[in-house]
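User: Could you walk me through this structure, one question at a time?

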Amino acid sequence: MTTYIIRRILWGILLIILVSALTFVFFNVFPSADPAILRAGRNSSPATIAHIRHNLGLDKPVYTQFWIYMKNILLHFNFGYSYYSGASVLGLIKDRLPATLSLTVGAAVFWLLAGIPVGIISAVRRGTLLDRAAMSGALFFVSMPVFWLGLVMLFLFANDIGRFHVFPGAGTYVGLTNDPVKWFTSLIMPWIVLAATSAAIYSRLLRGSLIEAMGEDYIRTARAKGLTERRVIWRHGVRSAITPVVTILGLDIGALLGGAVITETVFDIPGIGRLNYDAIVHSDFPIVQGTVLLAALFIIVANIIVDISYAYLDPRVRYS
Amino acid sequence: MTDAGPPPQGESIAGDDPAPAGGPLLTVDDLRVTFRTDDGIVHAVDGISYTVEAGKTLGIVGESGSGKTVSSLSTLGLTRSRNSQIDGRIVFEGRDINAMSDEELRKIRGNDVSMIFQDPLSSLHPFYKVGWQLMEAMQAHQSMSRSAAHTRAGELLELVGIPDPKRRVDQYPHEFSGGMRQRAMIAMALANEPKLLIADEPTTALDVTVQAQILALLGDLQRRLGTAIIIITHDLGVVAEIADEIAVMYAGRIVEHGSTGQIFSAPQHPYTWGLLKSIPRLDNPRDEELVPISGRPPSLINRPSGCYFHPRCPYVQEPHKRIDPRLESVAGESDHTVACLLSTDIRQRIWEGLQTGRDVDSLKRLAASGNGRSAPATIPAAEPGEEQ
Amino acid sequence: MRVSRNLIASAVTVLLAGGLAACGGSSSSSSSGGGSNSSTSSSAQAIPLKPGENPVGQQLTGKTKGGTLTVLSNGDFEHLDSGQAYYALDYQIIQATDRPLFSYPPNSVSTVRADLATTVPTTANGGITDGGKTVTVHIRTGVHYSPPVNREVTAQDVAFALERGANPNVGNAYWPAYFGAASPAPLLGSTSSKYQGGPLPGITTPNKTTIVFKMTKPGAPLLIDALSLPLSAPLPPEFVGPLDKKSPTTYGTQFLVATGPYMVQADKTGKIAGIGYQPGKSETLVRNPNWDPKTDFRPAYLNQIKVKVGGDSTVIGQQVLKGSDSIQLDTVDNSIVKQAYQQDPSQITFTSGSGDHYMAMNTQHGVFKNVNIRRAMWAALDREAIVKARGGALVAEPGTHFIYPGVAGYDQAGGAKGPPVDFNKSVTGNATAAAKYMKAAGYPSGKYTGNQTIQVVLSNAGNGPAIAQIVSSAMTSIGLKPKVSLVDQSTMYSKYCGVPKQQIDACPTVGWIRDFADPLSVLYATFYGPSIVPTNNSNWSQANIPAVNTAMVKAALVADPAAHVQAWANVDKMLVNEAVAVPEDFDNEPQIESKDVAGVNQLWNEGQWDFAFTSLKNG
């Protein structure tokens, strides 16, 4: 098991290096804008542009630039500085991460709290009106664009522009450590919006896998043992059915930590997604690279955690 | 429980053991189970009756799809669902299981009546340790501490002959061999010292030598614990050693019911004959072919007219396609019943012919000759036996 | 540049170059013009620009003091450093925190006034000498830097601030165009390609309050206009110099000092990062404790200005209209413009003269080398339809020439109707005129019969596809076979329209915004032949017509204001006659505010808010 984890981690590191190399190549092969020209301004002399290129290290061959970049990250944990504001990329990421973390983790709690019970009830009451209503609702939420849902929520329930003044609206996010109450209330709507689609997906997924699990022989055994139906469903059925949910939960959280651009934009939450988006707009390569790397890191770590939790969830994996 | 010292609670249960005065432990009376499906109504069990006495063993034999598993699951109420309809009575120790609430039923399951299943791998939860699953079975019905339950789980594993039970108790099902798993299943079924153990194809998934061990174990445990057993199998050979009585099921009905001796020495139903011919026997010449029963079991949605077995019966006569036989006593043997339209005489001659290896065609002619005499008996109630 | 407006957001200038800025211009909508915008644009539409909708003659004095203004913005600022800022949004902040030598008061679109300087130099007051080659400026005493610098501002600080514009670590976007090699009247010594900041022969400071500019050509009026740009705001070398050694400089991103009534909130060392400035998140302006109202013309009513960056523009728009104490900084969403105009007209203003769009045609290569085909194209294009595509009469009117409303010379160059040439007569497309010029071009049928296809590249943002269709059908109507590519706006500039080698035939979604009142700032970078460069080119038509080039250089150096403007109007007429491009639309900038905000718009800066004049009605 330990060697397995070590092997996975080494793979992860290799993958991250590969992702950064790819980002580097993409950025250099398809330059959306030359950062030096961007900085030099209109009618700038070639000498000025050359000077800037030199200062930014853009006059070196791409592989040298990449080497320097990776060396800074690996040896000094330095992700470089924004071409645009000169701010430290790591500092910016540290500054933005709490918002994204709050948004993602909170939304995950929401969608699990909604998706798991709905999935279980639908599976247990399969074919009933309740099940059909829940699954139609899920289909509705799955097919709803996040952007649209966000705007609808704001125009209905925001306490500034909404029809009913219920929750704090866009741009009210504050850090958890500044004001926990405001932090919570300002995130309620973003959580719901971000969670809606996932809750729907999770409930459908769990319903399917629980129906399958409840047809297994060991469920019959559990019932024959005289266990209560609640225990049969939770300890025997859900315990087995939850594995695929854990898999996508890990990946979803990993991906969202890389930035939930749309939700962050609609609700004006300064997170990683917006940092990345703004950086792309400004051709601010160090930030783009930093955020892409971060996203890759999250996804890879999430994958490793999923694999490890698989071993925890399913003892058969541990021995194979 | 061990020979050396059964735990106190085991003793106390054993003390109460005798079934309520006079009556059998389990009485199944005209049990009917139907399932609504998209294709139509499945008549899985179609009016069966039997009894099981305390400490005795009943074998229920039939091909898959004969309703034998459904009937035994119904005994534990495990066929209850929105799509099923269960009629008739299942009286356990004087109480009708069919009339019980889910909670009352739960208290009986795994406690007074427990069950083991065909495939021990899929029947044990793959994510939990064997000991944990045993403890769960105990704690569902008894309040006992975790450590006491854990100790008891080890004892149960020892009881069913699992070596090194202290270590095994903390292993997962996939770390057990097939036979070990079935032993663990049996241990789990015995955890609360049930009065009745229902074993559904307990040896089918196992190889031949392990089969024999498991059967020996069941027999041994029955002798030691006094548990009544219903053993369900498609293989008459399995029940030959262990069962006191045998009921043969076909298409949701019992077609023959008698003591093990009766079934093996003087089987009455052509279906039973077929089952007997398909048992591999050590005393038969090695080159003798096993004769499976030709054809497939009928659909339980659209059942055949007349005798359900008639499409597959080599001795079928024209009236059999119209007349539905009832389960009647075999002449001279009140505790041996059969549902067959052939006369007792003819059946006996055919069975003898089969024993001596006569060719099937001549036996068919024999059946046809009997038909001429039985033909006037158009009233279904007319017993074939009357002809004698 | 990503400009703060709805329609223009998709175009207006080279993103890469840092684009355009916005400075004043004389125009119809100025206080002097008295709202001629509405009266002269009769040909286009009849927007009832009632008082309160167009902020002409806004009241600037006697307002309530105090309070905090909330500023909502979809996009971030680019630079808070007065030396780097070249963006309308940045100017809003700089106008409140920095004091250039000259400034446009909010109501003025044409005339600068002295700000840090004591007076605007003229020949009469001795400020302009040497036949217009030398300009002498005296600066006020009693102006102090915000903490931690605290000391009084000197003339040397102004020289330092200007010179650092050439420092590559600062990279001021307009230094070359108005002070350096690309200027019609460069400062002495600035044309050397080796000059990268430091002392310049063209800028001298005989004493602490005097600064003297020497040019190689008599360009005094242009220089004075250019000194209204934020680059002329003084900076303390002892504070900024060390920061400028980094590439890019950390002045403006990490540290900042102010001379105006407000400063970006900072710690004791002058650090703003993480305090008053969080990139992509927020900016906070507080009062500058060292600002002395006696030295300034700004009333500075507000106590604090809090800028929140991010969010969706429809949400921001609703928050401003329904909320309190807030204004929107950048692009107002089209749906919000309509809603505000219909339901809350007192909360929206439209400022004309916020830029233009035109279809640049390649005069160096392909079919459009032929001037008559260009004229036919002009005649054929339905400009009214393009206005509709851009959001309708509220935010645009049909373009008829190149000096647009708000820029000095607009009326002289033809006003709303434009020059009376037949291909310009009808804004809805003129088939007869188009056919006439196709015949003149050698196609007797009135339709192009050659086999060249026309490479058309335009921005895919918002209205792009609609414009592509309008342009295509106009081209088809004169027999041209267009091949249209819709691309990202920055790609359009950086890879296609701004790269002459690509030989793109037509770029229908390019646009430009003036830097200040002088019409030079509209025509020079966009149509002056020698300004064509291999990349990052802003002369998208690659216009290089000797007579026009000569006329531009001459016009730039005309000293008399009226004659200066007339000279440029004449250049505009020449460009129209040559049909170097088809003007499509002149744009209006909508701005929205909450009910309880008494906002003041900078008419010279596309109607952007002036924080030093804006107040809250309830204080």
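Analyst: A word on helix packing to begin with: axes are lines fitted to C-alpha atoms, for helices over the stretch in contact, and angles run from 0 to 180 degrees between N-to-C directions. This is a predicted model, where local features need pLDDT of at least 70, side-chain atom pairs count only at pLDDT 80 or more, and totals for chains, interfaces and linings use all residues. Residues are numbered from 1 along each chain as its sequence is written, while chains are lettered from A and ligands numbered from 1 in the order in which they are written.

User: Which element of chain A has the highest mean pLDDT?

Analyst: pLDDT is the predictor's confidence in each residue, from 0 to 100. Chain A averages 85, and 93% of the residues score at least 70. Elements are DSSP runs numbered from the N terminus, with helices being H or I of at least four residues and strands E of at least two. Helix 2 (residues 35-40) of chain A has the lowest mean, 66, and the highest, 93, belongs to helix 8 (residues 180-214) of chain A.

User: How many helices does chain A have?

Analyst: Its C-alpha atoms fill a box of roughly 85 × 55 × 35 Å along the principal axes. Chain A has 0 strands, and its helices number 14.

User: How far apart are the end C-alpha atoms of helix 4 of chain A?

Analyst: The expected span of a helix is 1.5 Å times one less than its number of residues. Helix 4 (residues 62-76) of chain A has 15 residues, so it should span 21 Å; the model agrees, with the end C-alpha atoms 20 Å apart.

User: What is the phi of A:F77, which follows helix 4 of chain A?

Analyst: A:F77 comes after helix 4 of chain A, and its phi is positive. The value is near 50°.

User: How are helix 5 and helix 12 of chain A oriented to each other?

Analyst: Helix 5 (residues 89-124) and helix 12 (residues 272-281) of chain A pack with their axes 7 Å apart, at an angle of about 135°. Angles under 35 degrees count as roughly parallel, over 145 as roughly antiparallel, 65 to 115 as roughly perpendicular and the rest as oblique. Helix 5 and helix 12 of chain A are therefore oblique.

User: Which residues of helix 12 of chain A make that contact with helix 5 of chain A?

Analyst: Two residues are in contact if their C-beta atoms, placed from the backbone, lie within 7 Å. Helix 5 of chain A brings A:L92, A:I93, A:R96, A:L97 and A:T100. From helix 12 of chain A come A:I272, A:G273 and A:L275.

User: Which helix of chain A gives the most to the side that touches chain B?

Analyst: The contact takes 17 residues from chain A and 23 residues from chain B. On the chain A side, helix 9 (217-224), helix 10 (229-257) and helix 14 (315-319) each supply at least two residues. The top contributor, with 6 residues, is helix 9 of chain A.
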